[in-house]
Amino acid sequence: MSARQPRFNQHLLIDTTPLPDSIPKVQEVGSSSAPLLSASYFIGARCKAYNDDYMQCKTEANGKGEMDCLREGRKVTRCAGSVLEDVNKSCLEEFRKHWECLDNNNQQLWQCRKWERPLNSCVFEKLNLEKKIPGAPENETPVHLRKRQIFAHSIMTQ
Amino acid sequence: MPQDMPPSGGYEPVQYRRNLPVRGFRPAYYLAAVGVIMTYGFYRYGQGIREQNELAREKMWSRIYLIPLLQAEEDRDLVRKTLASRAMEKELLGAETKVYNSDRFVRPTYAVTPANITK
């Protein structure tokens, strides 16, 4: 069975050899989960084409996706990095409040609508990226725009 | 001489007949009230379920948008480790050995542990 987990009892052994120079380097997005969750819809809005390219490459590569789709992967990372950089430049305070709230609330988006609204409006004004939930039923307001969140813990954070 | 006599007007009459008045609304009204309360409860429950579905959809789409970024990062790490292990194999053994007859990537069964502890 080729996926057997190794068992190192005493030490953590990490091979720290970097990538060979033939592969272009890309600035990694060193973000933790809360800022990524906060910015996920903006990443989706700006990077839809790159994401779709990458996923198509992976599905068609048929086992060799890791080596063959490195180029699309670099494009995806660069696009997401650009979104995060732009959000940091233009809407830093709202962004920070929102992801700190998410950190305090188990990454549950419905507890932090109070800070999500100013973030969404700031990003829409400055960067022209809108948060849309695909597949939501058309005849009701989307859940992130509703005045009252049924499951939020307190009225102050709605 | 004073005696313990009954009061001058006599006692009031003692109630000896049954007095069990039938109280309450008509049973149909009670059933109607129960029905209304239950309907309202189910309506609110359904609202909550619908909102939970929408929240689940929001959560799934945020994860979907983040998958390519995270997968690309993991792929780069995997490629780095594979190339490093191939280079180490070439250095130690002199040639690359092919375990299987096809070119598909298969996670290797054995890993060479480096001589120096890195962490």
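A:Tyr41, B:Trp61 and B:Tyr65 make up one aromatic cluster in this predicted model. Over all chains, the structure holds 3 aromatic pairs. Two of the pairs are set out below.

| Pair | Centre to centre | Angle between planes | Arrangement |
|---|---|---|---|
| A:Tyr41 and B:Tyr65 | 5.7 Å | 80 degrees | edge-to-face |
| B:Trp61 and B:Tyr65 | 5.6 Å | 45 degrees | tilted |

A:Tyr41 is buried, as is B:Tyr65. For B:Tyr65 the relative accessible area is 14%, so this residue falls under the 20% limit for buried. B:Trp61 has 26% relative accessibility and therefore counts as partly exposed.

**The interface of chain B and chain A**

In total, 43 residues of chain B are in contact with 58 residues of chain A. The area buried between the two chains is about 4400 Å², and carbon and sulfur atoms give 66% of this area. B:Glu58, B:Tyr65 and B:Arg76 supply 17% of the area that chain B buries against chain A, more than any other three residues.

The rule finds 5 salt bridges across the interface of chain B and chain A. One of them links B:Asp75 with A:Lys58, with the closest N and O atoms 2.7 Å apart. Between the two chains, 14 residue pairs are in polar contact, counting residues at pLDDT 80 or more. On the side of chain B that touches chain A, 20 residues are nonpolar, 8 are polar and 15 are charged.

**A loop of chain A**

Most residues other than glycine have a negative phi. Which backbone angle is positive at A:Asn106, although the residue is not a glycine? The angle is phi, at about 60 degrees. A:Asn106 is placed in the loop between helix H4 (70-104) and helix H5 (113-127) of chain A. A:Gln107 is not a glycine either, and has a positive phi of about 55 degrees. The place of A:Gln107 is also in the loop between H4 and H5 of chain A.

A:Asn106 has a relative accessible area of 60%, so this residue is exposed. A:Gln107, with a relative accessible area of 28%, is partly exposed.

Key
Residues numbered from 1 in each chain as written. Chains lettered and ligands numbered in written order. Predicted model: local features only at pLDDT ≥ 70, side-chain atom pairs only at ≥ 80, totals over all residues. Heavy atoms only, no water. Contact = heavy atoms within 4.5 Å. Buried area = accessible area lost by both parts, 1.4 Å probe. Salt bridge = Lys/Arg side-chain N within 4 Å of Asp/Glu carboxyl O. Polar contact = N/O pair within 3.5 Å; in protein donor to acceptor, adjacent residues only side chain to side chain. Nonpolar A, V, L, I, M, F, W, Y, C, P; charged D, E, K, R; others polar. Helix = DSSP H or I, 4+ residues; strand = E, 2+ residues; numbered from the N terminus. Buried < 20%, exposed > 50% of the residue type's maximum accessible area, 1.4 Å probe, protein only. Phe/Tyr/Trp six-rings, centres within 6.5 Å; stacked < 30°, edge-to-face > 60°.
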